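Work through these exercises with the structure open beside you. Try each task before reading its solution.

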Amino acid sequence: MAHPTRRRRARRDPARILLRAFAGLVFFFLMLPLVVVFPISFSAGSYLRFPPPGFSLQWYERYWNDPIWIDATIRSLQVGVATTVLALAVGIPLAFGLTRARFPLRGAIEQSISAPMIVPHIVLSIAIYGLFSKLGLIGEWYGIAIAHTVLALPFVVIVLVAGLRNFDLNLELAARGMGASRFQAIRRVTLPMVAPSVYSAAFLAFITSFDELVVAMFLSGANMTLPKKMFDNIMTEIEPTVAAVSALKILFISILLLLSLRFRKAADTPIAH
Amino acid sequence: MSTADATRAGPPAPRSLRVALAERRAALGAFLLTAPGLIFLGLLFAMPLLQLFALSVEGGTTEWYARVFADGLYTTIFLRTFEIALFVTGAALLIGYPVAFFLATTTPTWRAIGFALVMLPFWTSVLVRTYAWMIILGRNGIVNRFLLDYGFIERPMTMLNTRFAVVLGMVHVMLPFMILPLYSAIVRIDPDLARAARGMGASRLKIFQRIYLPLTLHGVVAGVTLVFVVSLGFYITPALLGGGKVTMIAMVIEQQVREFLAWNFAGALSVVLLAITLAVFWVLNRWVARRVPPAAGQGR
């Protein structure tokens, strides 16, 4: 779009160079914490030390051989998947309802859906803790999944509503006009077209749950999730097992991110909210 | 009321009773689709919060609220929380704006790389990042190691367990939340506006003041609102990087419930925190609704 000459001039512009240098510095600041956990996780030393005194896989082995860490990981994956399924099960009809027809209070309903995003997590956590301890749900993995769904639902609905608003309803009507049943039209035409938003929503819901600490701190009891186990470890012991777990988590999230980008390559906006 | 709503949606042509009925049925169907979600949020979001509120005024006394405000301790912590949130928001805005500007005006390749460098930390767990800051800022951490080795300092500096560490960690978490709305505001501005202004002799500062700032104001307010409101409720970062020396209100609420089982008092603290959060949210939204023309405010 820009003329080559203009671009060349822009490249030599001192203000532009300054801007680039500043942005580079900020990118360094943003990436630094992600990068440092890798060398620490391969440390041969017996405590946190930089630079690491040598290479070893001892912290990865310690993670792998400790049933408490593995249990926490499995529990977190389980809670994350359950949260994703539940948030989509509740969120997809909700998003369809909000975008398909006008009815009284629709605007108010749509606004109130995002309320869990504004309420501080600590407040919501103790509120749900109060309710769940009465119901005897403390320590149950599905209790955490239900609570995480409350946190994930706004993100899921916002992403799905945006996707559905972009979808041309005439396509579905055309399918019905050509004899498809309502259900068939949605399944064969609408869902494939809004699939990228569904993938984004699923990814958001999973990450919301998989990284969540404060709610899990109250609800998990003795059955810790991975973030709770990490938090406890950081608070009590000064050794790099957490660095190994962190490195694995960064890798895991990167893979998920790449997968979800592949799934939703049709969409043009960067994954935000 | 629902028929009136439904008719407004369609063209103004005269319509038969059948169409009106069909629309009414569609509206009812759409409403029914939202029902499970609304029930879910009612039971697991609204009800627990109302119960918490009920606990804070249990027995019809305002004694717990009196304690929040009577004791200088808690008002100090609220003020500190407010101060830190303000600091984090200001820093994120000052750092985030140039970065968003860079992303919006650079080549597509650099934009893609830049976005990857912003989004990867964004998706990485806050706990992982906070732990990494502990490695970087600690007494035997990377920064101290570097400064000692090159002779810049003689004794390791104390950076961890200070307000500086807390603010740094929080800015790191909140920066992408600021950059994204700013980016989408800046990218919508026609670059020819700035070129025309420059051609007519405007300085860079003038161009920023007269073109970029007013046209991105809604993005600024969106980012500021989000960062400030979320910062007020931070728990993980101050708990780990503050090391018990920097107390924010979320930590007090957690402690009151988990250690002292002081539900009524924790309820009162929560209601006050929630009220402050909602007030900030409301004021900023109000302000933007009045200040920013609707055409420019469509980003929110």
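**Exercise 1. Is A:Leu105 buried or exposed, and why?**

Solution. Count the C-beta neighbours inside 10 Å: A:Leu105 has 12, so this residue counts as exposed. The cut-offs are these: a residue is buried with 20 or more other C-beta atoms within 10 Å of its own, exposed with 12 or fewer, and partly exposed in between, with C-beta atoms placed from the backbone. Next, find the place. A:Leu105 sits in the loop between α4 and α5 (106-113) of chain A. Last, check the backbone. A:Leu105 is not a glycine, yet its phi is positive, about 70°.

Before going on, note the ground rules. This is a predicted model: local features need pLDDT of at least 70, side-chain atom pairs count only at pLDDT 80 or more, and totals for chains, interfaces and linings use all residues. Residues are numbered from 1 along each chain as its sequence is written, while chains are lettered from A and ligands numbered from 1 in the order in which they are written.

Helices (H or I, at least four residues) are DSSP runs, numbered from the N terminus.

**Exercise 2. Where is B:Leu261?**

Solution. Look in the loop between α12 (249-258) and α13 (263-291) of chain B. B:Leu261 has 9 other C-beta atoms within 10 Å, so it is exposed. Its phi is positive, about 50°, although B:Leu261 is not a glycine.

**Exercise 3. Describe how α9 and α10 of chain A pack.**

Solution. Two packed helices are described by the angle between their axes and the distance between the axes. Here α9 (residues 169-177) and α10 (residues 182-210) of chain A pack at about 145°, with axes 9 Å apart. Axes are lines fitted to C-alpha atoms, for helices over the stretch in contact, and angles run from 0 to 180 degrees between N-to-C directions.

Now list the partners. α9(A) gives A:Leu171, A:Glu172, A:Ala175 and A:Arg176, and the residues from α10(A) include A:Arg182, A:Ala185 and A:Met193. Contact means C-beta atoms, placed from the backbone, within 7 Å. Sort them by class: six nonpolar, one polar and four charged. Ala, Val, Leu, Ile, Met, Phe, Trp, Tyr, Cys and Pro count as nonpolar, Asp, Glu, Lys and Arg as charged, and the others, Gly among them, as polar.

**Exercise 4. Compare the span of α10(A) with that of a straight helix.**

Solution. At 1.5 Å a residue, a straight helix of 29 residues would span 42 Å. The expected span is 1.5 Å times one less than the number of residues. α10(A) spans only 36 Å between its end C-alpha atoms. Now look for a bend. α10(A) bends by about 55° at A:Ala195, and the proline A:Pro196 follows within four residues. The bend is the angle between axes fitted to the seven residues ending at a residue and the seven starting there.

**Exercise 5. Do the same for α8 (residues 163-186) of chain B.**

Solution. Its 24 residues should span 34 Å at 1.5 Å a residue; the end C-alpha atoms are 32 Å apart, which agrees. α8(B) still has a kink of about 40° at B:Met174, shortly before the proline B:Pro176. In α8(B), 19 of the 24 residues are buried.

Terms used:
Helix = DSSP H or I, 4+ residues; strand = E, 2+ residues; numbered from the N terminus. Contact = placed C-beta atoms within 7 Å.
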